[in-house]
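These are my notes from a first reading, kept in the order in which I looked things up.

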Amino acid sequence: MGYLVDRALSGLLLAFAAATTVGVAILLVGGVVPDWLLPTALLIGLVAPRRVQFGILSTKANRWLLVAVGLVLLVVFAALVYGALATPSRHWDGAIAWDLKASALAEHPTLNQPLFQNPYVHHHSRDYPLLQPLLVALTERCFGCGRIVFPVCWAMAVGAVGLMLRRRGAGLSAVGLGMVAFACTPFLVSPTSGSVDSGYADATLAAWLTIAAAGCVLRDTRWIVCSVILVVLTKPEGLVYAALLLGAAWLQGCRGVLRATALGSVVGTVLLLLLQHELQFVDRAEPPFTAILILIAVIGMMVLVDGWLDRRNLNAWRLRLAGILGIIGVCVMPWLVQACGNPSGSLAHYMKDPWLVWQRLELLPAVVISLLDCSLLHGWFGVTVPLVLLAAWQARRSRESGSSLGTWLVLCLPCWCAVFLVSDLELAQHLRSRMPRLLLHAIGIAWVYILATWQTRSREAHPERGDRDGALLPS
């Protein structure tokens, strides 16, 4: 059964990454995305060679527990399917920023139409990536139910959590409980702005980040590369999350994760920069080739320096070098915004003057209080944050080398705070509308980190059981 689930998840992931990558490339050259692209990508993804290892089950699972887990997941999935298909998006961003583009691409899957080409046509969030609208449009044209993409992404993320546990040797009961714990996170499945069926891209982004996190634990190159491409092409902040994963893998010396993330980041970011240029300027300015070359050079240098530090056993220098490069990066941000050719873009809005963070530090307590309020006091994310803290405490005592997930989560915190400090929007309203959705992005990363840490501690407490279960990390 595990092999079939892995085949389905990996096939869908590869198909979505391939279809959107090729589709965006076709849009960039002014072509029409063919209807056969998605079915062909699905067929290739499902038949592509795949080899994984699963631990041998040594204990019998509780049958009634598995039945209950299956029923819960089916009921939640059915509710999400109904919520996604019953109506169009019911909230602002879903209707005006995502549904409008998906409808236009479903009618004519090309950028050669007034919505994208005519600068006098109102186009909310004009430079937003087009992965979700394109994927919804292709699904609508091929199968007649484009919004089914949203619950399918949720199911893929849930499957990735379960496969991560199963491939590391966890029993079926533990796998089922871990899947339910993540899948039923209240804010993720509630009918509110940002949830799975809302039409926003936040839950979609969270799904790709969850699969990327599971891929980091398993060192699964295919999962990491494909999910990072999807992350970058889903929302502007996806580029930030990919950069943070690169930094976390570099700091931890996780060479496999670093190289896979580097490949996905290069492919996704090159397409993103070219697409944003096309959407924002409609060929009225030169493409951002300087920014693309800088991007490739920086990522390539990270990979080379990682190998050099490892060979010379200079890993203690990683944090110092990262601090120096971080300061340099902040200093050159305004210049990078100009080099990208998109100074009025969604992400550039937060990068044009990063030194505003220091000028508005008096607002930081309000941002931190809002962060704690949203994550702990409303029940939106259950006990996720306390369990993350407990997992971090356990991980520091673990004999296994820690993954990059903990560092990834830590790096997200200052970036989230900086979003509100550099914004010119009214702070209280911005915190109410944006903070819960930022936390939602990382909910899958958090649960993968919690479950992987718990399983590591369990194997260390019962080493003979772990050996018998064959809990091995695939290469």
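Predicted model: local features only at pLDDT ≥ 70, side-chain atom pairs only at ≥ 80, totals over all residues.

**Surface patch**

I placed Ile324 in helix 15, where helices are DSSP runs of H or I with at least four residues, numbered from the N terminus. Ile324 also belongs to a nonpolar patch on the surface, which it forms with Leu325, Ile328, Val332 and Trp335, and the accessible area of these residues together is about 480 Å². For such a patch, residues need over 30% relative accessible area and no salt bridge, and nonpolar side chains (Val, Leu, Ile, Met, Phe, Trp, Tyr) are joined within 5 Å, whereas like charges are joined within 9 Å. The areas come from the Shrake-Rupley method with a 1.4 Å probe, and for residues only the protein chains shown count as cover.

**Salt bridges**

How many salt bridges does the structure hold? I found 13, taking a salt bridge as a side-chain nitrogen of Lys or Arg within 4 Å of a carboxyl oxygen of Asp or Glu.

I looked up the pair of Asp220 and Arg167, whose closest N and O atoms are 2.9 Å apart in a salt bridge. Asp220 lies in the loop between helix 10 (202–218) and helix 11 (221–232), and Arg167 lies in helix 7 (residues 149–167), so this pair ties together parts that are 53 residues apart in sequence. Asp220 is buried, at a relative accessible area of 6%, and Arg167 is buried as well, at 2%.

I then turned to Asp306, for which I wrote down two partners. With Arg255 it forms a salt bridge in which the closest N and O atoms are 3.7 Å apart, and this pair links distant parts of the chain, Asp306 being in helix 14 (residues 289–311) and Arg255 in helix 13 (residues 255–281), 51 residues apart. Arg318 also forms a salt bridge with Asp306, the closest N and O atoms being 2.9 Å apart, and here the link runs from helix 15 (residues 318–340) to helix 14, twelve residues apart.

Which of these residues are buried? I found both Arg318 and Asp306 buried, the latter with a relative accessible area of 2%, whereas Arg255 is partly exposed at 29%. Leaving aside neighbours within four places in sequence, Asp306 is in contact (heavy atoms within 4.5 Å) with Trp250, Gly253, Arg255, Leu258 and Arg318.

My next entry is a network of salt bridges that links Asp202, Lys235, Glu237, Arg434 and Arg437. I followed Arg434 to helix 21 (residues 427–441) and found it buried, with a relative accessible area of 14%. Not counting residues up to four places away in sequence, Arg434 touches Glu237, Tyr350, Val419 and Phe420.

**Cysteines**

I searched the whole structure for disulfides, pairs of cysteine sulfur atoms within 2.5 Å, and found zero. Cys184 is in no disulfide, and its nearest cysteine sulfur, that of Cys153, is 18 Å away; Cys184 is partly exposed at 27% relative accessibility. For Cys412 the closest cysteine sulfur is in Cys415, and the 6.8 Å between the two is too far for a bond. Cys412 counts as buried, at 1% relative accessibility.

**One more position**

Last, I looked up Ile229, which lies in helix 11 and is buried, with a relative accessible area of 7%. Beyond its neighbours within four places in sequence, Ile229 is in contact with Thr21, Gly264, Val267 and Gly268. I also noted that Ile229 and Thr269 are 40 residues apart in sequence and 7.9 Å apart in space, C-alpha to C-alpha.

How values were computed
Residues numbered from 1 in each chain as written. Heavy atoms only, no water. Helix = DSSP H or I, 4+ residues; strand = E, 2+ residues; numbered from the N terminus. Buried < 20%, exposed > 50% of the residue type's maximum accessible area, 1.4 Å probe, protein only.
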